[in-house]
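Here is a short note on this model, for reading beside the coordinates. It takes up pockets and helix packing in turn.

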Amino acid sequence: ERFLRRRRSIRRFRRDPVEPAKLERLLDIARYAPTGGNVQGVQYTILTGDEVRRLEVATAGFYRQLIRRLEIPVGRLLVRLVVGAEPMERLLKGVPDLKRDVGRVARNEKGYCHNAPVVFLVHGGNVYPTIPEDCCFATYHLILAAETLGLGSCLIGFITAAAARNKTIRDLAGLPAGHRIYAALAVGYPAERFFRLVPRNPPNVRRRA
C-alpha cells in the first residue's frame, strides 16, 4: 500500500541517461500487463536525445496553431464544433499555460517532457476494441516498474492529445499506419525527492441498493 501511495509524477529529471538494460527490463515487465482477449497488440516507440526535442518542437507547433485559432471568433467556433462546449471552456482558460509552454520550447528551455532523457510512446492499431485500455494498463506497468528501478516518470498528456490530431507528430515518431498514441511517458532519474505521501481526495463512489 505504501509503495502505491508514495508514487509521484516527476517533473524534474537529472541529465543522466537511462541504461539500456533498464529500458529492456521495463519493457519486459510491461508485456505482462493484461490485454483484451490476450491479443497483446500494445507497441512501444522509445525516443531519446534529439528525438525528444523534435517531439517537443512538433507538439509546440500544434499548440501554437491551436492558440491562433482560439484567438479569433471563427477559429473558436471551429474548435468548439470539434471538441464540444465544456472542453472548449477549459481550453480558453488554459490559453496562458499553452502560451507559456510553447514559449519555453521556442527558447529551448525545459519543455513538455521536463528534460527527461527517455520518452516512451505507447501505441496500437485497431486490432481489438480494448486497445486503448491495453495501452494504458501497459503504461502503468511501466510507471510502477520504473519506481522499483530507481527511476521516475511522468505522463505527458499534452503530447498524447496533440498526436491524436496531428499527423506530423505521428510521422515524426514513425508510427505504423493506423496506429494511435495512447500514452506518452517521460522516464529518467529524478532530480527531486518527496517525503510526504501524495494528497488525494476520498474515493467518489455511488452505491446502489
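1. Basis. The model is predicted: local features need pLDDT of at least 70, side-chain atom pairs count only at pLDDT 80 or more, and totals for chains, interfaces and linings use all residues. Residues are numbered from 1 along each chain as its sequence is written, and side-chain values use heavy atoms, with hydrogens and water left out.

2. Largest pocket. Its volume is about 540 Å³. A pocket here is an open set of points on a 1 Å grid over the protein atoms alone, where a 1.4 Å probe fits and protein lies on both sides within 12 Å along at least five of seven lines. The volume is the space filled by probe spheres set on the points, which are joined across faces, edges and corners. Of its 19 lining residues, Phe62, Leu66, Val83, Leu91 and Arg165 are the closest to the centre; a lining residue has an atom within 4 Å of a point.

3. Make-up of that lining. At least two residues each come from α3 (50-70), α4 (73-83), α5 (85-93) and α8 (157-165). Helices are DSSP runs (H or I, at least four residues), numbered from the N terminus. The lining has 13 nonpolar, three polar and three charged residues. Ala, Val, Leu, Ile, Met, Phe, Trp, Tyr, Cys and Pro count as nonpolar, Asp, Glu, Lys and Arg as charged, and the others, Gly among them, as polar.

4. Second largest pocket. This one has a volume of about 410 Å³. Its lining numbers 16 residues, with Arg6, Glu147, Glu192, Arg193 and Phe194 nearest the centre. By class there are seven nonpolar, one polar and eight charged residues.

5. α2 with α7. Helix α2 (residues 20-30) packs on helix α7 (residues 131-148) at about 135°, with axes 8 Å apart. Axes are lines fitted to C-alpha atoms over the stretch in contact, and angles run from 0 to 180 degrees between N-to-C directions. Leu26, Leu27, Ile29 and Ala30 of α2 meet Ala138, His141, Leu142, Ala145 and Ala146 of α7, contact meaning heavy atoms within 4.5 Å. These residues divide into eight nonpolar, one polar and no charged.

6. α3 with α6. α3 and helix α6 (residues 95-106) pack at about 140°, their axes 9 Å apart, and are therefore also oblique. Among the contact residues are Arg53, Glu56 and Arg64 of α3 and Lys99 of α6. The contact has eleven nonpolar, no polar and four charged residues.

Notes. Parallel < 35°, antiparallel > 145°, perpendicular 65-115°, else oblique.
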